[in-house]
Amino acid sequence: MIRIFQILLIISLSERLLTPVWADTEFEDLLIRNAPLIQKSSSKTIDPVLNEIQAYGGEDAARFLELWKNKKLFVLEETRELVVASPAGKDQDGKKLLAISGFISRNDLGIVRAKAAKQIKPNSGVRAKIASALAPFQIKSDDPNIRSTALDTIYRRIHPLHLEPLRQAMALENNAVLKERMEKAYVLGIITHGNDISKIVDSIYSLAGDLSLETRAILNPLMKSEIEISKTIPTTGNIARIIAPDISVRPSEARRVNPFTMTGGEAELSLDAAYQLLIDRELIPIPVNNEKRDQVLVAHINSGYIGNFEVSSLDTDAARNQAYDYLAQVNNLPRRIDEEHKKRTISEYVFFAKYDRPQAITDAAHEVLIGIQNKVRFFTLLDLVLDGLSLASIYFLAAIGLAITFGVMRVINMAHGEFIMMGAYTGYVIQLIIPSYTLSIIVALPAAFILTFVAGVLMERLVIRHLYKRPLETLLATFGISIALQQIAKNIFGTQARPLTSPEWLDGAMVINDVLAISNIRIAIFLLSLVFLAVLLYVMTRTRFGLETRAVTQNPKMASSMGINTDKINMLTFGFGSGIAGIAGVAIGLFSKVTSELGSDYIVQSFMTVVVGGVGNIWGTLAGAAMIGSLQKGIEWFNPSNTLAAQTYMIIFIILFIQFRPKGIVALKGRAADD
Amino acid sequence: MLYPVSVHRIFAIMVVFIGTYCSPDVRATASETIKIGVLHSLSGTMAISETTLKDTILMLVDELNDEGGLLGKNVEAVVVDPASDWPLFAEKARELLTVHNVDVIFGNWTSVSRKSVLPVIEELNGLLFYPVQYEGEESSRNVFYTGAAPNQQAIPATNYYLDELGVEKFALLGTDYVYPRTTNKILEQYLKDKGIPGSDIFVNYTPFGHSDWSKIVADVVALGAQGKKVGVISTINGDANVGFYKELAAAGVSADDIPVIAFSVGEEELSGLDTTNLVGHLAAWNYFQSADTDANTTFIAAWKNRMGGNRVTNDPMEAHYIGFNMWVQAVTDAGTTDVDEVRDAMYGQTFPNLTGGTAQMLSNHHLSKPVLIGEIQDDGQFDIISQTEEVPGDAWTNYLPESSVLISDWKTLGCGMYNTETKSCVQIKSIY
Amino acid sequence: MTKLIKHTIIVQHLLRHPSILIFLGLLSLFTITIVLLSEGVGVDLVPTSFIKTLGKTLCLCMVAIAMDLVWGFCGILSLGHFAFFALGGYMIGMWLMFARTKIIVLQAAQNAPLPMSLDEVNDAVGTQIFGVVGGADIPVIWTFADIFWVQIGFVFLIPGLLAFIFGWFAFRSRVNGVYLSILTQAMTLALSLYLFQNDSGLRGNNGLSGLQNIPGLDDTPQAIISIWFFIASAVTLGLVYIVAHSIVHSKLGNILTGIRDNEDRVRFLGYNVESYKLFIFVLTACIAALAGALYYPQAGIINPAELAPVASIYLAVWVAIGGRGRLYGAIVGAAFVSLLSSYFTGGHAPDLALGLGTLRWTEWWLVLLGLSFVVVTLYAPKGMSGIVDRFVIKGNK
């Protein structure tokens with residue numbers, strides 16, 4: 001019946017399109033008739049209105065839907081007339097104004113106060129439906145962008161009414177990309193809404209190996225099954241599987257499609273669930289459980305006694321069971337159930353899952369899905385690796401400054417995190433001054449370096465220089481600086497996170513496919529850390545400065561007697577390490593947030609990265625970051641719903657790791673290893 | 001002889017402290033003014049949210065004093081700083097009630113700070129107005145909850161998802177603490193009651209200030225592979241939202257594909273974000289700054305006039321606005337600031353909402369307020385797309401079996417945890 | 001071991017070091033004065049909230065002594081001792097919460113038609129305690145929460161065990177210096193992250209609350225309870241001081257100082273350095289736990305934020321400012337800095353009007369505090385007690 005109605009609709013729709021009759025009043029009537037539903041719309045009530053408008057068709061309907069969806073329609077409070085309006089500034093009193101024009105007449109109606117017109121605001125659910133109704137119009141548009149928008153809508157949820165326009169548009173399309181998308185949309189449409197099983201099966205096979213989200217979203221529902229119960233194993237119907245309560249687990253395919261329904265070793269249907277199912281399907285009466293037992297007992301209390309049982313003695317389950325059994329015997333009440341009874345009842349029934357769709361379809365879908373799932377699994381793994389790499393690069397970035405100040409100079413700088421924070425705030429301040437995001441980032445990177453370089457040099461000169469002989473006290477002094485800097489940042493910028501917006505070309509993500517995607521900002525951070533690594537290696541091993549730094553840290557007296565200005569080298573090295581932390585701050589701020597606590601979030605991890613990797617070696621820091629990053633992602637993977645646990649386990653692992661390899665992954669050998 | 005000197009020092013310092021803590025000027029003036037306590041963090045992590053509320057109360061006090069005060073007396077706000085330190089909340093509450101002798105306290109933001117204060121105000125019979133949306137499952141004789149209970153925010157928002165957006169698969173993302181945990185527990189049960197199978201509810205908790213969102217966002221996107229419309233219900237708190245929304249935008253997730261409705265993201269939080277990529281995502285509150293009423297226009301104007309043109313208003317501010325005015329009315333009706341009499345006078349008090357309609361104080365110490373759902377716009381404001389009638393706040397949710405039998409009625413039953421099945425009061429003191 | 005016991009016999013030690021008596025005398029004088037001035041039993045000059053602050057400060061002094069022993073005398077800069085402190089608080093908190101809730105549940109049960117079974121009582125207690133954080137079941141670690149003496153045992157056992165395991169691993173692999181500091185910091189971070197999880201079994205971020213209500217003492221006002229805890233804290237501080245003092249002035253103390261000054265040399269002399277370090281590490285962990293067990297019932301609530309790494313660093317800072325290597329230095333530092341901090345951050349201090357603008361103490365106190373560490377480490381490595389020393393030496397001349 002519905003199908004016939006739909007066909008009728010399509011026919012009438014295409015008739016309209018063929019003969020664009022311009023009937024103002026008729027459409028106006030339609031709108032007036034549905035005015036209450038349009039003005040106060042809800043997804044639940046809007047379908048008939050949209051059907052009517054769609055059936056009317058024509059340019060007017062399309063324009064109406066377009067304006068409606070974009071919240072451009074208003075109702076004049078006085079005349080209840082439907083108008084199109086857009087903001088037109090404010091009057092002398094500061095009241096907002098609207099420029100309005102008639103919807104049907106398209107005449108300019110002048111400017112009114114905003115209070116005089118009420119905006120029609122469809123919610124996003126209604127807007128989605130409007131978009132869906134609009135798609136058949138848009139798909140025929142001359143503008144490829146609009147056609148693409150229509151396709152986006154169709155991909156979100158394909159409607160039977162989309163199929164015919166889609167087929168027509170496909171034939172006319174000359175843009176190869178769009179044509180391909182249209183063809184795929186049509187295939188997906190056929191699978192969901194088609195009647196011809198062989199056609200559906202062909203369509204399903206044509207999707208083999210396609211791991212896009214839309215494809216899976218279409219194929220997976222085909223495999224939908226319902227749990228059914230009978231006394232014997234059924235011989236008819238498309239049976240998915242027999243479920244042995246408490247024993248059989250959900251088939252592993254579900255796991256591949258969607259990691260969150262992972263049931264692990266848990267039975268698909270526990271005994272309790274199976275029993276509950278029997279009750280729900282009214283196959284057995286509601287049993288006497290503890291709750292019901294107690295109710296009955298309470299009902300039979302008679303001046304402190306239930307039968308011969310004193311009420312005050314009924315403070316254990318066993319005693320209550322006894323009392324109930326007594327009552328049951330005397331008053332002929334239903335029996336209590338125990339585990340044994342439960343198992344016996346369940347064993348009398350067969351539980352099985354039954355597919356909604358016929359076997360030809362489920363077989364095809366199953367076959368194609370298995371192929372897709374294998375691919376998905378591969379790419380998910382790859383995605384995990386990328387995630388781990390990305391996290392590692394962030395840790396590396398945060399720790400690389402420390403690799404110099406702590407790793408090479410052996411100075412514990414607890415304020416290192418605050419240098420990162422200073423870098424991030426530098427980025428924020430520069431964005432306030434320079435509105436162009438791209439330019440501001442280009443300016444911010446060197447600015448952050450200079451600022452933190454200067455801060456580092458100052459700190460070295462004023463504080464650390466005096467404490468080279470007392471490393472533990474450096475820790476305290478720099479901690480003092482750390483809380484002072486953090487508080488100063490709070491006083492200046494407040495505790496609210498500040499925006500550090502990435503330029504547009506860093507927005508978005510590199511999408512390989514619907515499983516494997518990595519955001520551009522993370523790629524940028526990855527590249528940045530590679531650049532840092534290269535620069536650092538070059539500076540430390542190929543330049544005179546690096547040579548002198550190594551000389552000074554290994555044997556200051558000897559270095560000094562070779563004519564190296566140890567004071568200057570220490571100062572510059574520390575400044576260099578701090579400056580790098582500043583640049584890292586800009587990058588970290590871009591991808592997360594800028595707060596005064598930004599630094600302290602990373603400080604312990606950074607120290608651990610350096611320690612785990614092996615102090616005094618930049619490669620070690622890299623190894624440390626790689627290990628910590630991938631480890632954390634790995635643990636998260638096993639326990640997807642708990643990130644905190646992952647962090648805890650990771651730290652415990654690191655503590656243990658250091659016990660067994662105190663010098664870190666890349667341990668220095670020989671003299672340089674002596675503290 | 002080393003010891004005498006140092007110990008004398010300790011002693012001297014302590015005497016100085018005692019002097020400051022109990023200086024007479026604090027204790028003498030009780031009769032000339034009516035004192036109200038403001039217990040909001042002015043430093044530490046919660047400062048940004050709570051300082052706004054302190055300023056709101058100070059503004060309301062100033063306005064009240066300009067209009068002639070209360071019971072012919074001036075109202076004086078005693079502001080203390082619990083510094084986002086939960087034990088300090090209890091200490092400061094005690095100080096407010098016993099040293100400063102305040103008649104009422106307006107304060108707290110986080111649930112844990114409220115739980116810290118509860119034993120103190122119940123012991124000393126104080127009065128607290130708590131202005132933030134919270135997880136419910138609590139009813140104290142000494143607290144008026146002017147923020148939303150779950151049925152005034154979470155449940156209507158979920159209904160909006162189910163009815164209007166047709167969401168079939170839910171991702172409940174939250175920060176790992178009591179409010180998201182309890183709210184999600186209620187929502188999970190509610191969704192199951194509505195026929196959503198457990199396999200279609202994905203729950204994930206992240207620590208405070210979480211920043212590495214790529215995997216979680218990818219996981220949520222992957223939920224779409226089942227062919228069901230996915231919606232995210234976010235109880236992510238504070239700073240972590242910045243990273244979350246950034247990652248959403250980077251992953252190209254539009255509100256049309258996977259909408260996100262947030263219970264802890266308001267105007268204040270959005271000011272830390274570039275919202276162009278977030279247009280269309282949702283938030284549910286009892287108040288939005290964009291509400292188009294005269295009362296709201298006046299309120300916003302007064303706020304901006306006092307605090308600066310770029311400041312925004314938000315939901316907890318409205319809660320304080322209603323709570324403070326109701327308290328003033330109750331004191332006027334009772335003719336005294338005595339806690340017990342004011343409490344009795346509070347029941348049934350009404351005050352116009354800033355969003356239209358009237359808020360009423362119920363006998364379970366919650367308000368009846370309308371629920372609003374707004375879509376994020378590119379200017380950091382919300383476009384209100386749904387506004388319900390007033391919904392009475394429910395202290396004990398009806399959607400969890402253990403609490404569905406409980407009701408709170410301080411007016412007639414005199415009990416905050418009354419079991420309707422056994423017809424008995426479970427306990428008078430609240431759970432903390 | 002018998003040697004050790006002989007050395008810690010209190011009377012013997014007191015006779016040999018009469019200076020302890022001066023400390024104890026002053027501590028008792030202070031305690032009695034405060035009690036007499038208190039709101040609860042005295043002339044109502046000192047409000048209960050301040051009694052609690054003082055009681056808590058005494059506990060902080062205790063943990064500072066522990067820190068001084070391990071760092072000032074043995075040279076192990078542990079940045080994790082606050083973890084033991086908080087663990088002690090958690091252990092006693094479990095009993096307080098469970099026992100109090102059980103009383104409430106049993107009271108409510110009196111109205112019920114059927115007497116509650118043990119399971120039902122436990123279920124109801126579980127719902128009350130964990131319902132708040134979205135759970136209902138009582139985790140395994142709460143098995144003994146109902147038994148006071150077991151939990152008191154846990155106050156020492158659990159932190160002591162953690163310290164033992166951690167110390168055993170760390171000292172055995174000769175992790176020392178800054179590496180050890182970072183490791184201890186990692187330990188406390190791991191523990192706090194773990195406890196922050198809602199599913200940790202200790203109510204996650206909410207922690208344990210309502211600890212000031214002592215089970216069975218519902219009718220006793222806090223004004224009185226706070227006095228009890230204040231006195232208990234003072235007495236315990238006195239005992240801890242005596243123990244610490246006797247350790248420091250024994251042969252053990254000499255060895256510890258030797259380890260601090262030159263670990264290798266002590267090792268070459270034939271001492272098992274690792275065992276000594278482990279002993280002092282575990283002992284101080286237990287002292288810290290004891291302090292925590294007294295502290296949190298006065299604070300009323302404990303949550304994982306208490307054992308954030310920064311708390312332990314503050315502990316080190318108190319000792320550094322007070323003057324490490326001197327027991328009274330630790331006490332002075334802890335009392336002075338923590339009270340001053342709460343004074344300035346509490347909004348009690350009037351704002352300073354400077355020429356250009358006002359200096360708000362709540363905002364700038366931390367900056368000053370931070371910078372003062374720098375000054376102290378740079379110019380007064382012996383801390384405040386170093387200044388005292390200078391005066392005393394001058395006086396002696």
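This is a predicted model: local features need pLDDT of at least 70, side-chain atom pairs count only at pLDDT 80 or more; totals for chains, interfaces and linings use all residues.
**Stop one: chains A and B**

Show chains A and B together. Here 49 residues of chain B are in contact with 48 residues of chain A. To see which parts of chain B are involved, select helix H3 (47-66), helix H6 (154-165), strand E7 (201-206), helix H8 (214-222), helix H9 (240-250) and strand E14 (382-392) of chain B; each gives two or more residues to the side that touches chain A. Colour the residues on that side of chain B by type: 19 are nonpolar, 17 polar and 13 charged.

**Stop two: a sheet in chain B**

Stay with chain B and select strands E15, E16 and E17. They form an open sheet of 3 strands in the order E15-E16-E17, with antiparallel pairing. Strand E15 (406-409) and strand E17 (424-425) of chain B are the edge strands, and each pairs on one side only. Next, look between E15(B) and strand E16 (residues 415-419) of chain B: 3 bridges join these antiparallel strands. For one bridge, pick B:Ile407 and find B:Tyr418, its partner in E16(B).

**Stop three: two helices in chain C**

Move to chain C and select helix H4 (residues 48-73) and helix H13 (residues 309-322). Their axes come within 9 Å and cross at roughly 80 degrees. How are H4(C) and H13(C) oriented to each other? Angles of 65 to 115 degrees count as roughly perpendicular, so that term applies to H4(C) and H13(C). Now show the side chains at the contact: C:Val63, C:Ala64, C:Met67, C:Asp68, C:Trp71 and C:Gly72 from H4(C), with C:Leu315, C:Ala316, C:Trp318 and C:Val319 from H13(C). Of the residues in this contact, 8 are nonpolar, 1 is polar and 1 is charged.

Conventions:
Residues are numbered from 1 along each chain as its sequence is written. Chains are lettered from A and ligands numbered from 1 in the order in which they are written. Two residues are in contact if their C-beta atoms, placed from the backbone, lie within 7 Å. Helices (H or I, at least four residues) and strands (E, at least two) are DSSP runs, numbered from the N terminus. Ala, Val, Leu, Ile, Met, Phe, Trp, Tyr, Cys and Pro count as nonpolar, Asp, Glu, Lys and Arg as charged, and the others, Gly among them, as polar. Two strands pair if DSSP finds at least two bridges between them. Axes are lines fitted to C-alpha atoms, for helices over the stretch in contact, and angles run from 0 to 180 degrees between N-to-C directions. Angles under 35 degrees count as roughly parallel, over 145 as roughly antiparallel, 65 to 115 as roughly perpendicular and the rest as oblique.
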